[in-house]
Amino acid sequence: MYLERISKLHEFLTKQELDAVVITSPKHVYYLTGFFTDPHERFMGLVIPAQGEPSLIVPALDREAAAAASTVQTIHTHTDIENPYELLKQVLPANLKKLGIEKSHMTVERYEALGQVICAESYADVEEPLREMRLIKSADEVARLQKAVQLIEDTLGETLKTFKIGQTEMEIVAELEYQMKRLGADGPSFSTMVLAGEKSALPHGTPGSRKVQEGDLLLFDIGVAADGYVSDITRTFAVGQISEQLRDIYETVLAANEAAIAEVRPGVTFAHLDQTARDVIAAKGYGDYFIHRLGHGLGMDVHEYPSVHGQNQETLRPGMVFTIEPGVYLPGAGGVRIEDDVLVTETGVEVLSKFPKKLTVIG
């Protein structure tokens, strides 16, 4: 699998007449070799030359782990007192003219350090072929995503068993993150979000000391990382008896979520999905309160290509995985978001997230 991915990137290299490609993003190194580490400030790079075999440059302290996990056989190391770019120069082809890099990951500092020892005449961005490769998930990737989804749903289920009115948002966050680790996740895939009452109307609110009260909406936007892949789901609950208005926005968002999912199939545009959900919400008079895109791609990153919004005319293809997460946010009253992770199949859609969506009263 990893060698096949390198081969695909090599095809891009040949087409663009590059002398070599250097991959420095840890997630892309993992995607192409099977080896993951966070090198922090240290240099790590996968070198794919136009001629010859690829090689991996890692900090010396990661050599053993890289040798055990990476499908790339040739591994070079550098210590903390060595200049890794001098080593990179030795590994790259002589008379280098055109080098492929990840422009969005290459910092100015590293670009200048690279330029001091490597005299490439030009640089090409390799983000596009990597993005295209990551866009269509393999069966192995789907299985890892399903595992991450199952873990976060188990986490939510266990956390709800401990819930009591009067807990603070942060106390619930702490329980969630304890359960994530207990159940086997690497950790949260993004900052765990638990928002109560009027704070649930903040799409990117920050959990704090606000206590959960009777009559609140309680919103969980949560996910985990596991085996290199992530999940991202949102569920909103009623704490005791809620107002008819809050109940109405819940049913509206649920209808929008289900309407958009029903339209997922190859050939449909992302814009159509967004508009489908938006139409449902607008018909109930809440159009001005759905203030974000419908969703985003999901894979190794919690937000990756594609963006599911009303201007994206790209069509769905089998193997794409993304979120569908309509929401309605009434300032000062409360908000509802219901988010599912979906896979485009050959004939339609598979909803990876299974946690119940019917309005549930807790507490």
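## Packing of helices H1 and H6

In this predicted model, helix H1 meets helix H6 through Arg 5, Lys 8, Leu 9 and Phe 12 on the H1 side and Pro 129, Leu 130 and Met 133 on the H6 side. Sorted by class, this contact comprises 5 nonpolar residues, 2 charged residues and no polar ones.

H1 spans residues 2-15 and H6 spans residues 127-135; their axes come within 10 Å and cross at roughly 145°. The crossing of H1 past H6 is right-handed.

## Arginines over tyrosine rings

Arg 5, one of the H1 residues in contact with H6, also lies over the face of Tyr 31, at 3.9 Å from the ring centre. A further arginine, Arg 131, is placed over the face of Tyr 305, with a distance of 4.0 Å from the ring centre.

## Aromatic pairs

The whole structure contains 6 aromatic pairs. One of them joins Tyr 30 and Phe 36: the ring centres are 6.2 Å apart and the planes stand at 90°, so the pair is edge-to-face, the angle being over 60 degrees. Phe 36, at 47% relative accessible area, is partly exposed.

Phe 270 and Phe 322 also form an edge-to-face pair, with 5.4 Å from centre to centre and 75° between the planes. Phe 270 belongs to helix H10 (residues 270-283) and Phe 322 to strand S15 (residues 321-324), so this pair ties together parts that are 52 residues apart in sequence. Phe 270 is buried, with a relative accessible area of 0%, and Phe 322 likewise counts as buried at 0% relative accessibility.

An aromatic cluster is formed by Phe 220, Phe 237 and Phe 355.

## Overall architecture

The secondary structure of the protein consists of 10 helices and 20 strands. Along the principal axes, the C-alpha atoms fill a box of roughly 70 × 40 × 35 Å.

Key: Residues are numbered from 1 along each chain as its sequence is written. This is a predicted model: local features need pLDDT of at least 70, side-chain atom pairs count only at pLDDT 80 or more; totals for chains, interfaces and linings use all residues. Side-chain values use heavy atoms; hydrogens and water are left out. Axes are lines fitted to C-alpha atoms, for helices over the stretch in contact, and angles run from 0 to 180 degrees between N-to-C directions. Helices (H or I, at least four residues) and strands (E, at least two) are DSSP runs, numbered from the N terminus. A crossing is left-handed if the near helix is turned anticlockwise from the far one by less than a right angle, and right-handed if clockwise. Contact means heavy atoms within 4.5 Å. Ala, Val, Leu, Ile, Met, Phe, Trp, Tyr, Cys and Pro count as nonpolar, Asp, Glu, Lys and Arg as charged, and the others, Gly among them, as polar. Rings of Phe, Tyr and Trp (its six-membered ring) pair if their centres lie within 6.5 Å; planes under 30 degrees apart count as stacked, over 60 as edge-to-face and the rest as tilted. Buried means under 20% relative accessible area, exposed over 50%, partly exposed in between (1.4 Å probe, protein chains only). A charge sits over a ring if NZ of Lys or CZ of Arg is within 6 Å of the ring centre and within 35 degrees of the ring normal.
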